[in-house]
Amino acid sequence: MGEFIQTTIGGLTLGAQYALMALGFSLAFGILRVINFAHGAFYVVGGYLAYWITNEVGLPYVLGVIVAVLGTAAIGYVFELFVIERRIDDHLATIVMTLGASLIGGAAMLSLFGAQAAQFEGGLTGTFRFGGVFVPHARVMIIAVAGLAIAAVYLLLYKTQVGNALRALTDDREMAVAMGMRPKVLFPMAFAIATGLAGLTGALVTPQFSLAPFVGEHVLMISFLAVILGGLGSLPGAVIASVLVGLVEAFVGTYVGGSWAPLILFTGILVLLVARPSGLLGHRTIIDA
Amino acid sequence: MAESLLTIEGLCVRYGGIEAVRSLDMEVATGETVVIVGANGAGKSSVMNAVMGMVPTAEGRMTFDGREVTSMSTADRAKLGIRISPEGRRVFANLTIEENILAGGYTMGAKDREASVAWLFDTFPLLSKRRTARAGTLSGGQQQLVAIARALTARPKLLLLDEPFLGLSPVAIGDTSAAISVVQAQGMAVLISEQMARPALKLASRGYVLRAGALRRSGDVAEIRELALSEDYL
(Lines give C-alpha, C1' and ligand atoms only; values in the text may rest on other atoms or scores of the structure.)
Protein backbone atom coordinates (compact mmCIF):
# COMPACT_ATOMS: atom_id res chain seq x y z
CA MET A 1 0.00 0.00 0.00
CA GLY A 2 2.79 2.40 0.95
CA GLU A 3 4.57 1.62 -2.29
CA PHE A 4 1.38 2.20 -4.24
CA ILE A 5 0.82 5.64 -2.70
CA GLN A 6 4.43 6.64 -3.17
CA THR A 7 4.33 5.53 -6.78
CA THR A 8 1.12 7.49 -7.33
CA ILE A 9 2.70 10.63 -5.87
CA GLY A 10 5.77 10.04 -8.03
CA GLY A 11 3.60 9.60 -11.11
CA LEU A 12 1.61 12.73 -10.35
CA THR A 13 4.86 14.66 -9.93
CA LEU A 14 6.06 13.49 -13.33
CA GLY A 15 2.60 14.19 -14.72
CA ALA A 16 2.62 17.71 -13.28
CA GLN A 17 5.96 18.30 -14.96
CA TYR A 18 4.75 17.06 -18.32
CA ALA A 19 1.43 18.89 -17.98
CA LEU A 20 3.05 22.28 -17.35
CA MET A 21 5.38 21.74 -20.29
CA ALA A 22 2.62 20.46 -22.55
CA LEU A 23 0.36 23.38 -21.63
CA GLY A 24 2.94 25.98 -22.63
CA PHE A 25 3.84 24.08 -25.78
CA SER A 26 0.14 23.80 -26.74
CA LEU A 27 -0.49 27.48 -26.05
CA ALA A 28 2.27 28.57 -28.41
CA PHE A 29 1.19 26.06 -31.01
CA GLY A 30 -2.52 26.81 -30.79
CA ILE A 31 -2.32 30.59 -30.71
CA LEU A 32 0.77 31.35 -32.81
CA ARG A 33 0.86 28.11 -34.81
CA VAL A 34 4.54 27.88 -33.95
CA ILE A 35 6.07 24.54 -33.00
CA ASN A 36 8.44 25.73 -30.32
CA PHE A 37 11.44 23.41 -30.39
CA ALA A 38 13.09 25.76 -27.88
CA HIS A 39 10.48 24.94 -25.24
CA GLY A 40 12.88 22.45 -23.58
CA ALA A 41 15.63 25.08 -23.55
CA PHE A 42 13.35 27.44 -21.62
CA TYR A 43 12.85 24.64 -19.08
CA VAL A 44 16.62 24.37 -18.71
CA VAL A 45 17.12 28.14 -18.50
CA GLY A 46 14.39 28.29 -15.84
CA GLY A 47 16.18 25.57 -13.89
CA TYR A 48 19.52 27.35 -14.08
CA LEU A 49 18.03 30.72 -13.15
CA ALA A 50 16.56 29.17 -10.00
CA TYR A 51 19.87 27.38 -9.35
CA TRP A 52 21.85 30.61 -9.82
CA ILE A 53 19.65 32.65 -7.48
CA THR A 54 19.49 29.92 -4.83
CA ASN A 55 22.99 28.42 -4.92
CA GLU A 56 25.25 31.14 -6.28
CA VAL A 57 23.55 34.35 -5.17
CA GLY A 58 22.32 32.70 -1.99
CA LEU A 59 18.73 33.97 -1.94
CA PRO A 60 15.70 31.85 -0.94
CA TYR A 61 14.48 29.20 -3.37
CA VAL A 62 11.08 30.90 -3.71
CA LEU A 63 12.80 33.95 -5.16
CA GLY A 64 14.71 31.67 -7.50
CA VAL A 65 11.44 30.27 -8.84
CA ILE A 66 9.98 33.75 -9.31
CA VAL A 67 13.08 34.99 -11.13
CA ALA A 68 13.01 31.86 -13.31
CA VAL A 69 9.40 32.47 -14.35
CA LEU A 70 9.85 36.18 -15.01
CA GLY A 71 13.21 35.67 -16.72
CA THR A 72 12.03 32.97 -19.13
CA ALA A 73 8.83 34.91 -19.83
CA ALA A 74 10.87 38.02 -20.65
CA ILE A 75 13.23 36.10 -22.94
CA GLY A 76 10.22 34.50 -24.64
CA TYR A 77 8.56 37.89 -25.10
CA VAL A 78 11.63 39.44 -26.70
CA PHE A 79 12.34 36.35 -28.82
CA GLU A 80 8.77 36.35 -30.20
CA LEU A 81 8.63 40.08 -30.81
CA PHE A 82 11.99 40.48 -32.53
CA VAL A 83 12.61 37.07 -34.11
CA ILE A 84 9.56 34.85 -34.59
CA GLU A 85 7.16 37.71 -35.39
CA ARG A 86 9.15 38.58 -38.53
CA ARG A 87 8.42 35.21 -40.13
CA ILE A 88 5.39 34.11 -38.14
CA ASP A 89 3.54 32.66 -41.14
CA ASP A 90 6.50 30.75 -42.51
CA HIS A 91 6.42 27.43 -40.65
CA LEU A 92 9.79 26.27 -41.92
CA ALA A 93 11.38 29.52 -40.77
CA THR A 94 9.89 29.31 -37.28
CA ILE A 95 11.06 25.70 -36.96
CA VAL A 96 14.61 26.77 -37.82
CA MET A 97 14.40 29.78 -35.48
CA THR A 98 13.19 27.78 -32.49
CA LEU A 99 15.64 24.93 -33.17
CA GLY A 100 18.41 27.54 -33.30
CA ALA A 101 17.19 29.13 -30.08
CA SER A 102 17.17 25.70 -28.45
CA LEU A 103 20.83 25.13 -29.35
CA ILE A 104 21.79 28.64 -28.25
CA GLY A 105 19.99 28.20 -24.92
CA GLY A 106 21.75 24.89 -24.21
CA ALA A 107 25.13 26.22 -25.32
CA ALA A 108 24.73 29.34 -23.18
CA MET A 109 24.03 27.24 -20.09
CA LEU A 110 27.02 25.04 -20.97
CA SER A 111 29.31 28.08 -21.15
CA LEU A 112 27.95 29.71 -18.01
CA PHE A 113 27.56 26.69 -15.75
CA GLY A 114 29.69 23.93 -17.30
CA ALA A 115 28.78 20.49 -18.65
CA GLN A 116 28.57 18.81 -15.25
CA ALA A 117 25.11 18.34 -13.83
CA ALA A 118 24.47 21.15 -11.37
CA GLN A 119 24.25 20.15 -7.71
CA PHE A 120 21.06 21.98 -6.81
CA GLU A 121 20.92 22.59 -3.08
CA GLY A 122 18.48 24.71 -1.18
CA GLY A 123 15.35 23.45 -2.87
CA LEU A 124 12.62 22.11 -0.64
CA THR A 125 13.79 19.30 1.62
CA GLY A 126 11.93 17.30 4.22
CA THR A 127 9.38 14.52 4.03
CA PHE A 128 5.84 13.88 5.15
CA ARG A 129 5.50 10.57 6.97
CA PHE A 130 2.25 8.69 7.40
CA GLY A 131 2.90 5.29 8.87
CA GLY A 132 5.21 3.64 6.37
CA VAL A 133 4.57 6.12 3.58
CA PHE A 134 7.18 8.75 2.82
CA VAL A 135 6.20 11.71 0.67
CA PRO A 136 8.84 14.40 0.02
CA HIS A 137 7.63 17.97 0.56
CA ALA A 138 9.04 18.94 -2.80
CA ARG A 139 6.75 16.52 -4.66
CA VAL A 140 3.65 17.84 -2.94
CA MET A 141 4.81 21.38 -3.71
CA ILE A 142 5.38 20.54 -7.40
CA ILE A 143 1.91 19.01 -7.74
CA ALA A 144 0.26 21.91 -5.89
CA VAL A 145 2.07 24.68 -7.81
CA ALA A 146 1.43 22.93 -11.13
CA GLY A 147 -2.26 22.68 -10.25
CA LEU A 148 -2.37 26.37 -9.38
CA ALA A 149 -0.54 27.37 -12.56
CA ILE A 150 -2.89 25.29 -14.70
CA ALA A 151 -5.89 26.86 -12.94
CA ALA A 152 -4.42 30.33 -13.52
CA VAL A 153 -3.98 29.65 -17.24
CA TYR A 154 -7.54 28.34 -17.39
CA LEU A 155 -8.91 31.47 -15.70
CA LEU A 156 -6.87 33.71 -17.99
CA LEU A 157 -8.09 31.95 -21.14
CA TYR A 158 -11.74 31.49 -20.21
CA LYS A 159 -12.57 34.33 -17.84
CA THR A 160 -10.78 37.39 -19.24
CA GLN A 161 -11.21 39.47 -22.36
CA VAL A 162 -7.55 38.94 -23.31
CA GLY A 163 -8.04 35.18 -22.99
CA ASN A 164 -11.16 35.40 -25.14
CA ALA A 165 -9.10 37.24 -27.75
CA LEU A 166 -6.32 34.64 -27.60
CA ARG A 167 -8.84 31.86 -28.18
CA ALA A 168 -10.45 33.82 -31.01
CA LEU A 169 -7.00 34.19 -32.60
CA THR A 170 -6.57 30.42 -32.29
CA ASP A 171 -9.86 29.77 -34.09
CA ASP A 172 -9.59 32.25 -36.97
CA ARG A 173 -6.71 34.68 -36.94
CA GLU A 174 -7.90 36.79 -39.86
CA MET A 175 -11.38 37.29 -38.38
CA ALA A 176 -9.90 38.09 -34.97
CA VAL A 177 -7.81 40.82 -36.57
CA ALA A 178 -10.94 42.10 -38.30
CA MET A 179 -12.43 42.56 -34.81
CA GLY A 180 -9.50 44.83 -33.95
CA MET A 181 -7.22 42.30 -32.21
CA ARG A 182 -3.53 42.91 -32.82
CA PRO A 183 -1.27 39.85 -33.10
CA LYS A 184 1.80 42.04 -32.64
CA VAL A 185 0.56 42.86 -29.13
CA LEU A 186 -1.05 39.53 -28.23
CA PHE A 187 1.44 37.04 -29.71
CA PRO A 188 4.49 38.12 -27.69
CA MET A 189 2.31 38.01 -24.59
CA ALA A 190 1.02 34.50 -25.34
CA PHE A 191 4.53 33.29 -26.12
CA ALA A 192 5.83 34.80 -22.88
CA ILE A 193 3.16 32.92 -20.91
CA ALA A 194 4.17 29.71 -22.70
CA THR A 195 7.89 30.11 -22.06
CA GLY A 196 7.24 31.29 -18.51
CA LEU A 197 5.42 28.00 -17.90
CA ALA A 198 8.47 26.11 -19.19
CA GLY A 199 10.71 28.19 -16.93
CA LEU A 200 8.42 27.49 -13.97
CA THR A 201 8.58 23.76 -14.68
CA GLY A 202 12.36 23.82 -14.81
CA ALA A 203 12.65 25.80 -11.60
CA LEU A 204 10.22 23.45 -9.81
CA VAL A 205 11.49 20.06 -10.87
CA THR A 206 15.20 20.29 -11.68
CA PRO A 207 16.16 20.36 -7.97
CA GLN A 208 14.39 16.98 -7.70
CA PHE A 209 15.40 15.39 -10.98
CA SER A 210 18.50 16.68 -12.73
CA LEU A 211 19.87 19.89 -14.13
CA ALA A 212 22.31 19.90 -17.04
CA PRO A 213 22.43 22.01 -20.22
CA PHE A 214 20.46 19.61 -22.41
CA VAL A 215 18.04 17.80 -20.05
CA GLY A 216 15.14 19.80 -21.55
CA GLU A 217 15.11 17.75 -24.76
CA HIS A 218 13.88 14.59 -23.07
CA VAL A 219 11.15 16.34 -21.04
CA LEU A 220 10.01 18.22 -24.14
CA MET A 221 9.83 15.01 -26.16
CA ILE A 222 7.61 13.27 -23.60
CA SER A 223 5.45 16.40 -23.25
CA PHE A 224 5.16 16.64 -27.02
CA LEU A 225 3.94 13.04 -27.12
CA ALA A 226 1.43 13.90 -24.39
CA VAL A 227 0.21 16.85 -26.48
CA ILE A 228 -0.39 14.58 -29.46
CA LEU A 229 -1.92 11.88 -27.28
CA GLY A 230 -4.28 14.41 -25.67
CA GLY A 231 -5.33 15.74 -29.05
CA LEU A 232 -3.42 18.53 -30.75
CA GLY A 233 -4.91 21.89 -29.86
CA SER A 234 -6.87 20.58 -26.87
CA LEU A 235 -5.50 22.08 -23.64
CA PRO A 236 -7.53 19.81 -21.32
CA GLY A 237 -6.43 16.86 -23.48
CA ALA A 238 -2.78 17.84 -23.08
CA VAL A 239 -3.09 18.08 -19.30
CA ILE A 240 -4.98 14.81 -18.90
CA ALA A 241 -2.64 12.92 -21.22
CA SER A 242 0.39 14.32 -19.37
CA VAL A 243 -0.87 13.05 -16.04
CA LEU A 244 -1.60 9.65 -17.62
CA VAL A 245 1.88 9.47 -19.10
CA GLY A 246 3.45 10.40 -15.75
CA LEU A 247 1.45 7.72 -13.92
CA VAL A 248 2.27 5.04 -16.50
CA GLU A 249 5.96 5.94 -16.31
CA ALA A 250 5.95 5.74 -12.50
CA PHE A 251 3.94 2.52 -12.20
CA VAL A 252 5.87 0.66 -14.86
CA GLY A 253 9.07 1.86 -13.20
CA THR A 254 8.00 0.52 -9.81
CA TYR A 255 6.23 -2.70 -10.72
CA VAL A 256 7.85 -3.81 -13.97
CA GLY A 257 11.27 -2.17 -13.95
CA GLY A 258 12.57 1.28 -14.80
CA SER A 259 14.07 0.31 -18.14
CA TRP A 260 10.71 -0.92 -19.34
CA ALA A 261 8.94 2.41 -18.84
CA PRO A 262 9.90 4.13 -22.13
CA LEU A 263 9.20 1.00 -24.18
CA ILE A 264 5.75 0.42 -22.70
CA LEU A 265 4.92 4.13 -22.80
CA PHE A 266 5.86 4.69 -26.43
CA THR A 267 4.25 1.45 -27.59
CA GLY A 268 1.07 2.33 -25.72
CA ILE A 269 0.95 5.79 -27.26
CA LEU A 270 1.57 4.33 -30.72
CA VAL A 271 -1.28 1.84 -30.33
CA LEU A 272 -3.63 4.55 -28.99
CA LEU A 273 -2.86 6.85 -31.87
CA VAL A 274 -3.44 4.12 -34.44
CA ALA A 275 -6.84 3.51 -32.85
CA ARG A 276 -7.60 7.19 -32.43
CA PRO A 277 -5.45 9.42 -34.66
CA SER A 278 -6.88 12.69 -33.34
CA GLY A 279 -5.89 11.84 -29.75
CA LEU A 280 -8.02 11.55 -26.63
CA LEU A 281 -9.84 14.91 -26.84
CA GLY A 282 -8.68 16.32 -30.17
CA HIS A 283 -10.68 17.17 -33.25
CA ARG A 284 -7.83 17.24 -35.70
CA THR A 285 -4.72 15.24 -36.45
CA ILE A 286 -1.23 16.64 -36.70
CA ILE A 287 -1.52 16.48 -40.47
CA ASP A 288 -4.38 18.94 -40.88
CA ALA A 289 -2.97 21.27 -38.22
CA MET B 1 -27.97 61.96 -50.46
CA ALA B 2 -26.49 62.20 -46.98
CA GLU B 3 -22.81 62.72 -46.36
CA SER B 4 -20.56 60.07 -47.85
CA LEU B 5 -19.20 57.57 -45.30
CA LEU B 6 -17.23 55.28 -47.58
CA THR B 7 -15.78 56.44 -50.88
CA ILE B 8 -13.97 54.10 -53.22
CA GLU B 9 -12.19 55.51 -56.26
CA GLY B 10 -10.62 53.40 -58.99
CA LEU B 11 -10.23 50.30 -56.79
CA CYS B 12 -8.21 47.45 -58.28
CA VAL B 13 -7.68 44.15 -56.44
CA ARG B 14 -5.26 41.59 -57.85
CA TYR B 15 -4.34 38.05 -56.83
CA GLY B 16 -1.05 37.27 -58.52
CA GLY B 17 -1.67 38.19 -62.14
CA ILE B 18 -5.45 37.86 -61.89
CA GLU B 19 -7.45 41.04 -61.69
CA ALA B 20 -10.44 40.42 -59.39
CA VAL B 21 -11.69 44.01 -59.28
CA ARG B 22 -11.01 46.63 -61.96
CA SER B 23 -11.16 50.40 -61.41
CA LEU B 24 -14.31 50.41 -59.35
CA ASP B 25 -15.92 53.60 -58.04
CA MET B 26 -18.40 53.19 -55.23
CA GLU B 27 -19.94 55.16 -52.42
CA VAL B 28 -21.91 54.44 -49.26
CA ALA B 29 -23.56 57.31 -47.40
CA THR B 30 -24.01 57.50 -43.63
CA GLY B 31 -26.89 55.27 -42.56
CA GLU B 32 -27.50 54.01 -46.09
CA THR B 33 -27.92 50.39 -47.18
CA VAL B 34 -26.26 49.48 -50.47
CA VAL B 35 -26.21 46.14 -52.25
CA ILE B 36 -23.55 44.71 -54.55
CA VAL B 37 -25.07 42.19 -56.94
CA GLY B 38 -23.08 39.85 -59.12
CA ALA B 39 -22.50 36.25 -60.13
CA ASN B 40 -20.00 33.99 -58.43
CA GLY B 41 -16.52 35.35 -59.12
CA ALA B 42 -17.74 38.82 -60.09
CA GLY B 43 -15.47 40.34 -57.42
CA LYS B 44 -18.02 41.06 -54.66
CA SER B 45 -16.04 39.43 -51.85
CA SER B 46 -12.85 41.08 -53.09
CA VAL B 47 -14.50 44.49 -52.70
CA MET B 48 -15.69 43.61 -49.19
CA ASN B 49 -12.30 42.28 -48.13
CA ALA B 50 -10.54 45.30 -49.63
CA VAL B 51 -12.77 47.63 -47.62
CA MET B 52 -11.95 45.68 -44.45
CA GLY B 53 -8.26 45.65 -45.41
CA MET B 54 -8.12 41.86 -45.55
CA VAL B 55 -6.80 41.99 -49.11
CA PRO B 56 -4.50 44.78 -50.27
CA THR B 57 -5.67 47.55 -52.56
CA ALA B 58 -3.52 47.27 -55.68
CA GLU B 59 -4.66 50.59 -57.09
CA GLY B 60 -7.14 53.25 -56.17
CA ARG B 61 -8.13 55.20 -53.09
CA MET B 62 -10.47 54.58 -50.21
CA THR B 63 -11.71 57.05 -47.63
CA PHE B 64 -13.84 56.23 -44.62
CA ASP B 65 -15.47 58.76 -42.33
CA GLY B 66 -13.31 61.53 -43.75
CA ARG B 67 -10.03 59.62 -43.40
CA GLU B 68 -7.85 58.00 -46.00
CA VAL B 69 -7.78 54.28 -45.22
CA THR B 70 -6.27 52.86 -48.43
CA SER B 71 -3.13 51.45 -46.78
CA MET B 72 -4.47 51.24 -43.22
CA SER B 73 -4.25 47.88 -41.40
CA THR B 74 -7.32 45.73 -40.81
CA ALA B 75 -7.20 46.24 -37.03
CA ASP B 76 -7.01 50.03 -37.46
CA ARG B 77 -10.01 50.00 -39.78
CA ALA B 78 -11.89 47.95 -37.21
CA LYS B 79 -11.02 50.57 -34.62
CA LEU B 80 -12.41 53.29 -36.94
CA GLY B 81 -15.76 51.54 -37.07
CA ILE B 82 -15.84 49.04 -39.93
CA ARG B 83 -16.94 45.47 -39.22
CA ILE B 84 -17.49 42.48 -41.46
CA SER B 85 -19.71 39.44 -41.37
CA PRO B 86 -17.61 37.48 -43.85
CA GLU B 87 -18.47 35.02 -46.58
CA GLY B 88 -18.94 31.60 -44.96
CA ARG B 89 -19.76 33.34 -41.62
CA ARG B 90 -16.47 32.25 -39.97
CA VAL B 91 -17.70 32.35 -36.40
CA PHE B 92 -15.11 31.43 -33.74
CA ALA B 93 -16.14 27.79 -33.65
CA ASN B 94 -14.69 26.88 -30.24
CA LEU B 95 -16.06 29.96 -28.53
CA THR B 96 -19.59 30.13 -27.19
CA ILE B 97 -22.16 32.47 -28.73
CA GLU B 98 -21.60 34.91 -25.88
CA GLU B 99 -17.81 34.75 -26.25
CA ASN B 100 -18.11 35.39 -30.01
CA ILE B 101 -20.16 38.49 -29.34
CA LEU B 102 -17.73 39.62 -26.63
CA ALA B 103 -14.84 39.11 -29.05
CA GLY B 104 -16.56 41.51 -31.45
CA GLY B 105 -16.28 44.21 -28.79
CA TYR B 106 -12.56 43.71 -28.21
CA THR B 107 -11.73 47.36 -28.94
CA MET B 108 -14.33 48.71 -26.46
CA GLY B 109 -14.09 49.42 -22.75
CA ALA B 110 -15.51 46.70 -20.48
CA LYS B 111 -18.62 48.68 -19.52
CA ASP B 112 -19.64 49.59 -23.07
CA ARG B 113 -18.97 46.04 -24.16
CA GLU B 114 -21.21 44.55 -21.48
CA ALA B 115 -23.97 47.01 -22.34
CA SER B 116 -23.66 46.17 -26.01
CA VAL B 117 -23.81 42.43 -25.35
CA ALA B 118 -26.93 42.90 -23.22
CA TRP B 119 -28.55 44.92 -26.01
CA LEU B 120 -27.71 42.24 -28.60
CA PHE B 121 -29.17 39.46 -26.46
CA ASP B 122 -32.33 41.56 -26.04
CA THR B 123 -32.48 42.09 -29.77
CA PHE B 124 -31.75 38.49 -30.75
CA PRO B 125 -33.61 36.19 -28.35
CA LEU B 126 -32.67 33.26 -30.59
CA LEU B 127 -29.04 33.80 -29.56
CA SER B 128 -29.82 34.62 -25.95
CA LYS B 129 -31.45 31.24 -25.43
CA ARG B 130 -28.28 29.44 -26.52
CA ARG B 131 -25.63 31.84 -25.30
CA THR B 132 -23.40 29.14 -23.81
CA ALA B 133 -23.53 26.89 -26.88
CA ARG B 134 -20.31 26.52 -28.86
CA ALA B 135 -20.72 28.44 -32.11
CA GLY B 136 -19.32 25.55 -34.14
CA THR B 137 -22.30 23.40 -33.16
CA LEU B 138 -24.93 25.81 -34.54
CA SER B 139 -26.88 25.62 -37.80
CA GLY B 140 -25.92 27.84 -40.73
CA GLY B 141 -28.71 30.29 -39.99
CA GLN B 142 -27.78 30.57 -36.32
CA GLN B 143 -24.13 31.02 -37.25
CA GLN B 144 -25.11 33.85 -39.60
CA LEU B 145 -26.90 35.59 -36.75
CA VAL B 146 -23.82 35.12 -34.53
CA ALA B 147 -21.60 36.57 -37.28
CA ILE B 148 -23.88 39.61 -37.59
CA ALA B 149 -24.20 40.07 -33.83
CA ARG B 150 -20.43 39.74 -33.42
CA ALA B 151 -19.97 42.47 -36.03
CA LEU B 152 -22.44 44.71 -34.17
CA THR B 153 -20.98 44.56 -30.64
CA ALA B 154 -18.68 47.51 -31.26
CA ARG B 155 -21.56 49.49 -32.86
CA PRO B 156 -19.74 50.09 -36.13
CA LYS B 157 -20.51 52.93 -38.51
CA LEU B 158 -20.33 50.58 -41.48
CA LEU B 159 -21.34 46.92 -41.50
CA LEU B 160 -20.10 44.74 -44.36
CA LEU B 161 -22.28 41.68 -44.99
CA ASP B 162 -20.68 39.29 -47.42
CA GLU B 163 -23.25 36.85 -48.84
CA PRO B 164 -25.34 36.73 -45.65
CA PHE B 165 -28.11 34.65 -47.25
CA LEU B 166 -25.97 32.04 -48.96
CA GLY B 167 -27.02 28.50 -48.14
CA LEU B 168 -29.73 29.47 -45.66
CA SER B 169 -33.21 28.00 -45.32
CA PRO B 170 -36.18 30.30 -46.05
CA VAL B 171 -36.80 30.68 -42.30
CA ALA B 172 -33.16 31.58 -41.66
CA ILE B 173 -33.28 34.07 -44.54
CA GLY B 174 -36.21 35.72 -42.77
CA ASP B 175 -34.30 35.83 -39.44
CA THR B 176 -31.24 37.29 -41.14
CA SER B 177 -33.30 39.94 -42.96
CA ALA B 178 -34.91 40.88 -39.66
CA ALA B 179 -31.47 41.21 -38.08
CA ILE B 180 -30.34 43.51 -40.88
CA SER B 181 -33.45 45.65 -40.37
CA VAL B 182 -32.39 46.08 -36.73
CA VAL B 183 -29.00 47.31 -37.90
CA GLN B 184 -30.65 49.80 -40.25
CA ALA B 185 -32.88 51.07 -37.46
CA GLN B 186 -29.72 51.84 -35.47
CA GLY B 187 -28.61 54.18 -38.23
CA MET B 188 -25.62 52.11 -39.27
CA ALA B 189 -24.61 52.00 -42.92
CA VAL B 190 -24.73 48.54 -44.48
CA LEU B 191 -22.98 47.19 -47.55
CA ILE B 192 -24.39 43.80 -48.58
CA SER B 193 -22.92 41.60 -51.27
CA GLU B 194 -25.26 39.04 -52.71
CA GLN B 195 -25.51 36.59 -55.51
CA MET B 196 -29.07 35.72 -54.65
CA ALA B 197 -30.20 39.32 -54.76
CA ARG B 198 -33.87 39.07 -53.90
CA PRO B 199 -33.76 39.44 -50.08
CA ALA B 200 -30.91 41.94 -50.25
CA LEU B 201 -32.75 44.15 -52.74
CA LYS B 202 -35.67 44.42 -50.34
CA LEU B 203 -33.36 45.91 -47.73
CA ALA B 204 -31.27 48.25 -49.86
CA SER B 205 -31.96 51.63 -51.40
CA ARG B 206 -29.20 51.60 -54.00
CA GLY B 207 -27.07 49.02 -55.67
CA TYR B 208 -24.15 48.17 -57.87
CA VAL B 209 -23.96 45.33 -60.35
CA LEU B 210 -20.52 43.78 -60.87
CA ARG B 211 -19.51 41.56 -63.72
CA ALA B 212 -16.03 40.04 -64.08
CA GLY B 213 -14.61 42.51 -61.60
CA ALA B 214 -15.93 45.62 -63.33
CA LEU B 215 -18.90 47.86 -62.62
CA ARG B 216 -21.73 47.00 -64.98
CA ARG B 217 -24.32 49.34 -63.61
CA SER B 218 -25.25 51.36 -60.54
CA GLY B 219 -28.52 52.94 -59.55
CA ASP B 220 -31.53 52.68 -57.28
CA VAL B 221 -32.89 49.26 -56.40
CA ALA B 222 -35.64 49.31 -59.04
CA GLU B 223 -33.09 49.72 -61.82
CA ILE B 224 -30.80 47.09 -60.30
CA ARG B 225 -33.68 44.64 -59.97
CA GLU B 226 -34.62 45.13 -63.60
CA LEU B 227 -31.08 44.60 -64.83
CA ALA B 228 -30.51 41.65 -62.53
CA LEU B 229 -33.74 40.03 -63.71
CA SER B 230 -32.92 40.49 -67.37
CA GLU B 231 -29.45 39.05 -66.85
CA ASP B 232 -30.65 36.15 -64.78
CA TYR B 233 -29.11 36.98 -61.36
CA LEU B 234 -32.33 36.36 -59.46
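What percentage of the 234 residues of chain B count as buried? The share is 49%, where buried takes 20 or more other C-beta atoms, placed from the backbone, within 10 Å of a residue's own.

## Model and numbering

This is a predicted model: local features need pLDDT of at least 70, side-chain atom pairs count only at pLDDT 80 or more, and totals for chains, interfaces and linings use all residues. Residues are numbered from 1 along each chain as its sequence is written, with chains lettered from A and ligands numbered from 1 in the order in which they are written.

## Chain B overall

Chain B has nine helices and ten strands (DSSP runs numbered from the N terminus: H or I of at least four residues, E of at least two). Its C-alpha atoms fill a box of roughly 45 × 35 × 35 Å along the principal axes.

The radius of gyration of chain B is 17 Å, which agrees with the value near 17 Å for a compact globule of 234 residues (C-alpha atoms; rule 2.2 Å times the number of residues to the power 0.38). Among contacts in chain B with a separation of 6 or more, 69% join residues 24 or more positions apart (contact: C-beta atoms, placed from the backbone, within 7 Å).

## A helix pair in chain A

Helix 2 (residues 39-57) and helix 4 (residues 91-113) of chain A pack at about 25 degrees, with axes 8 Å apart. Helix 2 of chain A is therefore roughly parallel to helix 4 of chain A (angles under 35 degrees).

Residues of helix 2 of chain A, including A:V44 and A:Y48, meet residues of helix 4 of chain A, including A:G105 and A:M109.

How values were computed
A residue is buried if 20 or more other C-beta atoms lie within 10 Å of its own, exposed if 12 or fewer, and partly exposed in between; C-beta atoms are placed from the backbone. Two residues are in contact if their C-beta atoms, placed from the backbone, lie within 7 Å. Axes are lines fitted to C-alpha atoms, for helices over the stretch in contact, and angles run from 0 to 180 degrees between N-to-C directions. Angles under 35 degrees count as roughly parallel, over 145 as roughly antiparallel, 65 to 115 as roughly perpendicular and the rest as oblique.
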